[in-house]
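Thank you all for coming.

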Amino acid sequence: MTNCIQCIEYVMVLVMILAAVFAVEWKDLLAAVVGMAAVSLVASILFFFLQAPDVAMTEAAIGAAMSAAVFIFAIKRTQRYETEEEERPGWWIRW
Amino acid sequence: MSISVYYFGAISLILIGLYAVLVKKNLLKILVGLSIMETGVNLLLISIGYIAGRSAPILSEGVGPNQAVDPIPQALVLTAIVIGVATTALALTVAINLYETYKTLNIEELRRLRG
Amino acid sequence: MNQYAALLIALPLISAFFVPVIKSLSKKVVMPFLVLVTAVQTGIAAWVFNEVYSSGKPMIIMAGGFKPPVGINLYIGHFAALFVLIIAVTSFFMAVFSMKAITVEPKDKYVMLFLLLMLGATGMIATGDIFNLFVFMEITAISAYALTAYNKTGEASEAAMKYIILGGIGSSFFLVGIALIYGSLGTLNMAQIAQLAGRMNPTVAQAALAMLVFGLAVEAELFPLNAWAPDAYQAAPHPVTTMFSAFVVKAGLYALARVLYLTHAVGSWGHVLKLLIVLGTLTVVIGELSALRQTNVKRMFAYSSIAQVGFIAVGFALGTQAGVTASVFHMVNHAIVKALMFMAVGYVAFELGGVNLEDFKGLGKTMPLTAFAITVGAISIIGIPLFNIFWSKIQLILAALKAGKTGVIALILGASLVEAVYYIRLIHTMWFEEGDRDRIKENLIFGTIMLLLVALIIIIGVAPNFVWNIVQKAGADIYNAAQYIKNVPLLPGVSP
Amino acid sequence: MVMKRVLAILTILIIGYWMASALANVPFGADKMLVGQYYLNHVKEQTGAVNAVTAVVVNYRGFDTLGEVTVLFIASTGVAALLWRRKKERTAKSEGSIVLTTGARLLFAFIVLFGAYIFIHGHLTPGGGFPGGATIATAFLMLYLAFSAYEIPHKSFEVTEGIAGMGYVTVGLIGLAIGSYFLFDWIWQTWGWGHSNIGRLFSAGFIPIIYTIIGIKVGTELTGIVDSMVKEPKEGGE
C-alpha cells in the first residue's frame, strides 16, 4: 500500500511541474494564469500530504484563487496574448 | 546524490520560475514566473518541516506533542504566501500603469520606446 | 521600562493605520500628522539612543513575553540605537520636505507608505530573528516599490517594475537561505544561530549564506542586483529618494553584515567574504564609471550613492573589526551627506522643474543657499580634509592596510579621483557658468534643515572624535558575535 | 537570442545543482526540531490553543504576523495609490444571468458566514484569519462578477481596514501595559480566562480576538485590491 501512496506523490509532483512548464510557455496569458493556479492547487494538495492543513487552506484560498483573480483583472486591463516574436501567420496556435 | 521527490518538485518550480523571469519578454509572464518561484520556495519550506509518520500539529485528542510535525515552517509559509500575493498585486498594478503609458507589456519594446 | 522601546515599531504602525480614519475627517491634516508622528518617533529614538549609550547595554524587547528563541526578540544594541535615531531624524526632515515637495495625489496614501517605509527600515535594523528580518525587509521593499511608482509616470512605473522583479528574485533566494539554515539548525533566532553556527554542514552553510547575500543584495544595492537603483532614485519623489539613500540601503547593508558576522563560525565563511568583496568592488567600479557619464544630476548622485555603498560593502568584507567600524562610520557620514544632497537636488527640481546639468548653470546666483549645500556635500564626498567623509575614507584605507588588502586602497583612491572629476564639473557649472534665471527666494525651513546638515558635516569633519567613539561601539556591536550571544537571554531549556 | 536562452538555462542548472547538493544534507522526513519541539510541548499550557500553527502564528511569532498584516495593508494602499484616478467606473457590459445574480445574492451571506467560521475557530481547526479573510473577499469578488454595477462602499471599507489594524496594535499595547511585554497575551496569562475550556471555542486567550481582527482586515484589504483593479478610469476623467 505504501508504494501506491508514493505513486500518488510522484504523479502529483509531475503534474505540478508540467503545469508550471505550461504556465511559463503558453502564449495565451489567460491560459498561463490558469496553469499557475493549477500549480498552486497541486501544491496545496501536496501541503495536505505533508501534514500542513493550515497552509493548504491558505494556499488554495490566497495563493490560487485570489492571485489568479488579480492576474485575470490585470489581463483584462492590458492584453491577453504575449507578443514575443514578430507576428507570423498562425502564431496563435504555437505555444 | 538522491533527494526526496518533494525537494525535487520544489527545486524544479524555483528553477522554472527563474527561467521565466530571466528569459521571457512579457511582463505578466515574468510575474507568473515569480509567483511559481514563490510556490516552489513554500513547498521547500514545508517539506523541510515534515517528519515522516507524524500527523498535523493540531493537538486534539490522540495527538501528543511527539506525534506532530514541526509547526514553525508552516507558520512561516503562511506569512510567505500572504507576502507573495501582496507583491503580486502591487506588481500587476504597476504593469497596468505601464501598459496605460506605453501600450505594451514587452520589455524589449519598453526599452525601445524609452530610447 | 526597556520593553517600551517596542513603541518604535508600534507607533508608526498604529499611525499608519490611523491615517484612513483621519482622512475621512479632514484631508488637510494628513501631512501635518505625518510631521507630528515622525517628530514623536524621533523623540522615542533619542530616548532609546540615550538609554543604550548611557547604560552600555543593549535593549532586548521580547514580543509576547516569550524568551528567545521561543519568541521573537528585538535587539537594540549600539548600532541599532544609532541607526534608529538616524532613520527617525531623516524621516522627520523628509516629512517636513514632503509638505511642499509632494504634489501628486493621493497624499493620504503617500503618508501611509512613508510611515511604513520608515517602520520597515527600523524593524530591519532592530530585529533579532532571521525570519522577522525577512518580514521587515518585505515591508520595506513593498512600500519602496509603491513609493517608487508613486508619481505614476512611465519612468516611475518602469523603475518600480525593475525593482519588483529583482526584489522578487531576491526575496525568494533569501527564503531558500532561511529554509536551509532552519533545516540544519532548527532555530530562527539570530543569537542561537550564531551559537550553533559551527554545527552546520559546510556545504549547506555555504549555499545558505550565498543565498542570503544574494537576497539582501537587492536592498543593499550590490552589483548584479542593483539595476533598479538608478532608475528608482531618479523617478521616485524627492523625499523618498533621500530616504532610499540615507537609510533603506543602509538597513540592507546592516542586515548583510549582521548575518555574515553572526555566522563566522561556519566552515566556509571565507568564501562568502570573498564573494562579497568581489560584489563590492564591482559595485564601486560600475557606479563611479556610470556616474561620470550622467547629465541628469539626480541620476549622477544616485550612481555616486551606489559607489559609496560599494565602499561600505568592501569594508564589511575585510573581516576585521577595523573594517567593520570604518564601514559603519562611512554609513553614518554617507547618510548625512546624501540626505543633504538629495534634498537639495529635490528642492532644485521643485523650483526649476528639472535637474539636468543645464538647469544647474548659475545656480550659485539663483539659489545660493542650495548651491552652497550641494557644494559642501560634493567636497565632502570627494574626501577633502576637514569634511566628514575624509575621515571615514581614511579609516577604510587604514583598515584595508591592516588587513593586507592593497587592492582595496587602490580602489578607494581611484574612485575618489573619479568622484572629484564629476563633482568638480558640477561645482564649476553651478558657480562659474552664467544662467539665465532670476534669483529665487529660498524656503526658510528647508534652508534651515540644509544648514543643519552642512553644520553636521563640518563639525564631524573638524572634530571627528565624538562621533568616532559612538561609531566604534556600534562597529564592535556588529563584529563581536560572542558578545551578541551573551546579550540575548536565551531560554536555557531549548538547545540541542 | 538563442545565446541568452542557453546562458539562462546553464545558470539555472548550476543554481539547481547547487541547491540540490545543499539539500541532500538536509534529510527529508527526519526530526530536525529544536524550537518546534518546545512549542509542541508547551503550546496548550502557554497559549491554550489546540492548533499549534495558530499558536505559533499569533502568540510565539506574533511580530511576524503583525508585519504580514502590514504587508497586505501596504499592498492594498499601494494598489489604490497607483490606480488612483480622478474618476473611475466599472466597465462591465453585460449583467449576469438571473440564475447567477439570484445565486450570488443567496450565497453571499453563507460565504461570509463560512469565512467568519474559519477565522473564529482558528485556534481549534485548520484555517484562521488569512484563509477566512480571503474567503470573505471571494464573497465580494462574486458580487463584482455577478453584478455589472456593484461597488463596495469605499470610505467605510478604508476606515474599517484602518480601525482593524489599530485594533491589532492596540491589543498589543494593552499587553505592554498589563503584562509589560508588547503583544503579551494578557487574557490567557494574566487574567487566566478559559483555562478549563481548552479545545472549545472560548479559550486560547486573545487568539480568537486577533484572528477576528485579521480576518476582517484581510477581507477588506483583498476586496479593496479587487475593487481598485476592476474599475477603470473614466474617459476624460484623468
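Is Ser245(C) buried or exposed? Before I answer, please note that this is a predicted model, in which local features need pLDDT of at least 70 and side-chain atom pairs count only at pLDDT 80 or more, while totals for chains, interfaces and linings use all residues. Residues are numbered from 1 along each chain as its sequence is written, and chains are lettered from A and ligands numbered from 1 in the order in which they are written.

Ser245(C) is buried because 28 other C-beta atoms lie within 10 Å, and the term requires 20 or more such atoms within 10 Å, with C-beta atoms placed from the backbone. The residue sits in helix H10 of chain C, residues 238-262, where a helix is a DSSP run of H or I of at least four residues, numbered from the N terminus. Beyond its neighbours within four places in sequence, Ser245(C) is in contact with Tyr233(C), Ser305(C), Lys338(C) and Phe342(C), contact being defined as C-beta atoms, placed from the backbone, within 7 Å. Ala339(C) is 94 residues away in sequence, yet its C-alpha lies 7.2 Å from that of Ser245(C).

Turning to the chains, 38 residues of chain B are in contact with 45 residues of chain D. On the chain B side, H3(B) provides the largest share, 15 residues.

Between chains C and D, the contact takes 54 residues from chain C and 49 from chain D, and H5(C) gives the most to the chain C side, with 10 residues.

Methods. Helices (H or I, at least four residues) and strands (E, at least two) are DSSP runs, numbered from the N terminus. A residue is buried if 20 or more other C-beta atoms lie within 10 Å of its own, exposed if 12 or fewer, and partly exposed in between; C-beta atoms are placed from the backbone. Two residues are in contact if their C-beta atoms, placed from the backbone, lie within 7 Å.
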